[in-house]
2 protein chains.
Amino acid sequence: MQREEAMKDLLAIEQRLVPDLVDMMKKRFQILRKLYDLQPVGRRTLAQVMDTTERILRAEVDFLKEQGLVAVDSAGMRLTPLGESLLEALGEVMGILDGRADLERELRRVLGVKAVRVVAGDVDEAPDVKRELGFVTARFLREILRPGDVVAVTGGTTVAAVAGQMPVFHPGNVLVVPARGGVGERVEYQANTIAADLAEKLGGQYLLFHLPDRLSEEAYRSLAGEPQIAEKLRRIRRAGIVIHGIGQAIAMARRRNLPPEEIAVLEARGAVGEAFGYYFDREGRIVYQQHTLGLRLDDLGGMRSVIAVAGGRSKAGAITAVARAVAPHMLITDEGAARMILAAHRQDTGEEPVERPTPHGAR
Amino acid sequence: MQREEAMKDLLAIEQRLVPDLVDMMKKRFQILRKLYDLQPVGRRTLAQVMDTTERILRAEVDFLKEQGLVAVDSAGMRLTPLGESLLEALGEVMGILDGRADLERELRRVLGVKAVRVVAGDVDEAPDVKRELGFVTARFLREILRPGDVVAVTGGTTVAAVAGQMPVFHPGNVLVVPARGGVGERVEYQANTIAADLAEKLGGQYLLFHLPDRLSEEAYRSLAGEPQIAEKLRRIRRAGIVIHGIGQAIAMARRRNLPPEEIAVLEARGAVGEAFGYYFDREGRIVYQQHTLGLRLDDLGGMRSVIAVAGGRSKAGAITAVARAVAPHMLITDEGAARMILAAHRQDTGEEPVERPTPHGAR
DNA sequence: TCTTTCGGGACATTATATGTCCCGGATGTG
DNA sequence: CACATCCGGGACATATAATGTCCCGAAAGA
């Protein structure tokens with residue numbers, strides 16, 4: 001397993017420094033694999049089977065031949081002994097590379113989420129992984145952003161990482177808003193601050209939304225009637241995209257200074273995850289709702305993209321609960337959380353993991 | 001050390017499958033490294049320092065910026081925290097990649113050889129490594145071959161691997177000759193056979209040179225006077241390039257069925273290496289000469305390229321002896337032999353290994 | 001014997017890479 | 001404070017590489 005960890009580390013470096021390297025390696029692996037299966041085979045036939053063009057395949061084959069991996073004669077192309085041993089060695093590498101893809105597919109199935117991205121590592125073990133979550137989320141946001149979009153963000157260190165890692169990108173006329181009124185946290189992790197940071201990166205505008213904490217429900221309702229507050233709420237609820245973090249229910253309740261008796265209620269009801277001020281049990285059912293103003297769960301349904309970002313094996317239960325409740329379009333998590341979620345699922349359901357059939361005896 | 005082995009294995013795969021991209025990784029490492037040293041620095045300055053053009057550097061920097069590794073502002077470019085941590089992680093990887101380069105430089109110094117290529121592995125441990133020696137030697141030969149060249153080859157399994165791995169390549173009008181008259185070995189490892197195989201790959205011609213074994217010195221001298229034999233010797237000695245193997249002296253003597261009293265003489269005189277029928281002690285001094293006809297040691301001096309190819313830790317002593325005696329222009333060996341040669345040298349001279357100063361605490 | 005598939009050659013078209021220059025802005029120095 | 005230098009980003013012309021498509025003779029298969 002140490003061997004696999006070492007290879008993973010190297011592949012992670014390469015994916016950041018020369019992503020083309022990893023892609024090209026996969027491509028050539030596919031060519032070698034398919035060639036092995038069909039040999040002896042001609043260029044046009046193989047190109048057709050692999051859904052590429054004859055010229056592109058010829059270039060690849062010329063290279064593989066030059067490297068001593070492929071032999072060609074009038075009957076067609078075959079792998080050389082060296083090519084076969086390299087193919088065998090590659091099985092192990094591809095197993096590692098495709099491992100992440102497997103996790104993503106399994107999480108989509110188990111959580112009922114449309115899209116999943118898994119980054120290497122575990123936030124609980126290496127804080128850098130949170131930055132990586134931010135990096136991947138930021139680039140996904142850039143992919144989907146359109147001029148005129150309203151983007152809502154929640155607070156927390158993970159969403160702060162998204163703003164921190166966002167590349168400068170000006171789609172035009174973007175508004176960034178906090179998902180909820182300011183809640184008591186370090187200022188840099190508050191939704192207001194994150195909204196401002198993100199807006200700056202996007203060359204857009206931001207809305208600040210300050211509210212006092214822990215008012216009664218009637219007090220909040222009264223505030224909501226104030227024209228200025230109402231207008232801000234209107235703009236916030238116009239968001240087409242939301243990026244939100246996920247909290248562990250009890251930890252979050254404590255951080256929010258909920259009274260002990262309310263925390264006791266949460267525990268009694270089996271709360272495990274929190275998002276948007278809602279507390280969910282492991283099945284995704286709302287078991288508590290914190291009073292505040294901002295985005296409501298119902299508002300998410302009309303959005304183009306709901307992006308959940310959270311990692312760390314300790315948050316696996318929370319992620320599962322919130323994902324089931326919120327059904328985000330995209331979940332971005334890390335490998336530590338992903339494995340824990342799937343392990344818990346197997347424990348709950350007795351499902352056996354589907355081992356990936358890898359070529360040529362990969363370990 | 002297991003970690004390093006795993007990374008080495010993966011890098012070896014990549015160097016064969018995506019060599020250009022491994023080079024790109026090295027290049028980007030150099031850029032990150034130099035940028036780290038000089039930051040904040042502008043593009044033109046860095047391009048100058050790194051002996052490249054402003055446009056090429058801009059392309060690289062744009063990419064590194066996109067990957068979150070570099071930050072740019074009006075004062076110049078700097079590494080981001082992520083860039084710094086990647087640079088640190090790369091130290092270990094570059095240590096592995098450049099390890100071979102270090103070995104090559106050390107061998108050049110210790111053996112007094114002009115050029116050295118070291119391939120991964122140890123022939124003694126993995127027979128595939130011999131094929132790799134053949135692969136690298138064949139491609140070196142292709143680099144230096146010119147139309148009209150005469151190439152001499154010795155016998156043995158390693159030189160046979162060169163012919164086996166030689167890509168088809170027709171420089172024109174090439175003659176391949178055996179370095180010496182046929183000596184008793186399996187026919188496919190005889191210089192005659194190897195000459196024929198290589199000639200076929202090169203679209204050239206070959207010369208066969210059969211001689212009976214173990215004649216007296218006078219008998220060989222008499223044969224050398226025969227017009228046909230003399231003509232062949234003339235053509236053989238016209239060789240501009242020779243590819244020769246290296247044998248362990250005593251093992252070779254036994255294989256050549258030398259009488260026990262002659263083997264005792266070899267042992268008494270400290271023979272360790274054999275090439276071209278000459279037996280050398282560890283300092284490279286001739287301690288015995290086998291009677292035969294073909295290339296003499298003196299003939300090598302006028303050649304454009306003398307290529308020695310041998311591997312395996314068990315041949316380290318032989319390689320050292322022959323390299324010192326023959327002073328090949330190019331030595332192609334494996335890592336097992338290289339490390340053993342350098343370890344023996346340290347033991348002999350008390351030299352401490354010069355640790356490569358690697359950046360950022362690479363292990 | 002005929003048909004199909006083969007690798008290799010070739011050329012036109014498209015895409016990418018590269019060299020070079022220049023702009024306004026920021027920084028450093030006197 | 002003014003001037004010189006260096007900065008990143010923009011831009012365009014040129015060079016190089018990649019790709020699509022077609023065709024040849026040879027070999028293999030039916």
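Across the interface of chain B and chain A of this predicted model, 10 residue pairs are found in polar contact, both residues at pLDDT 80 or more. A polar contact is a pair of N or O atoms within 3.5 Å; within protein, one must be able to donate a hydrogen and the other to accept it, and residues adjacent in sequence count only if both atoms are side-chain atoms. The side of chain B that touches chain A draws at least two residues from each of α1 (2–17), α2 (19–38), α4 (54–66), α5 (81–111) and α6 (128–144) of chain B, helices being DSSP runs of H or I of at least four residues and strands runs of E of at least two, numbered from the N terminus. The largest share of this side, 12 residues, belongs to α1(B). By class, 23 of its residues are nonpolar, five polar and 11 charged; Ala, Val, Leu, Ile, Met, Phe, Trp, Tyr, Cys and Pro count as nonpolar, Asp, Glu, Lys and Arg as charged, and the others, Gly among them, as polar.

Six salt bridges are found across the interface of chain B and chain A (a side-chain nitrogen of Lys or Arg within 4 Å of a carboxyl oxygen of Asp or Glu). A salt bridge joins the side chains of A:Arg142 and B:Glu66, at 2.6 Å from N to O.

Chain B and chain A each bring 39 residues to the contact (heavy atoms within 4.5 Å). Between them the chains bury about 3,300 Å², 66% of it on carbon and sulfur atoms; buried area is the accessible area (1.4 Å probe) that two parts lose on being put together, summed over both. Of the area that chain B buries against chain A, 20% comes from B:Leu10, B:Arg16 and B:Leu17, more than from any other three residues.

Chain B superposes on chain A by a rotation of 179° with 0.1 Å of shift along its axis, at an RMSD of 0.3 Å (least squares on the C-alpha atoms of residues with pLDDT of at least 70 in both). The two copies are thus related as by a two-fold rotation axis. Of the interface residues of chain B, 97% are also interface residues in chain A, so the copies meet through the same surface.

In chain B, seven strands form an open parallel sheet in the order β3-β13-β12-β7-β4-β5-β6, two strands being paired if DSSP finds at least two bridges between them. β3 (115–119) and β6 (205–206) of chain B stand at the edges, each with a single partner strand, so one side of each lacks a neighbour in the sheet.

Residues are numbered from 1 along each chain as its sequence is written, and chains are lettered from A and ligands numbered from 1 in the order in which they are written. Local features need pLDDT of at least 70, side-chain atom pairs count only at pLDDT 80 or more, and totals for chains, interfaces and linings use all residues, while side-chain values use heavy atoms, with hydrogens and water left out.
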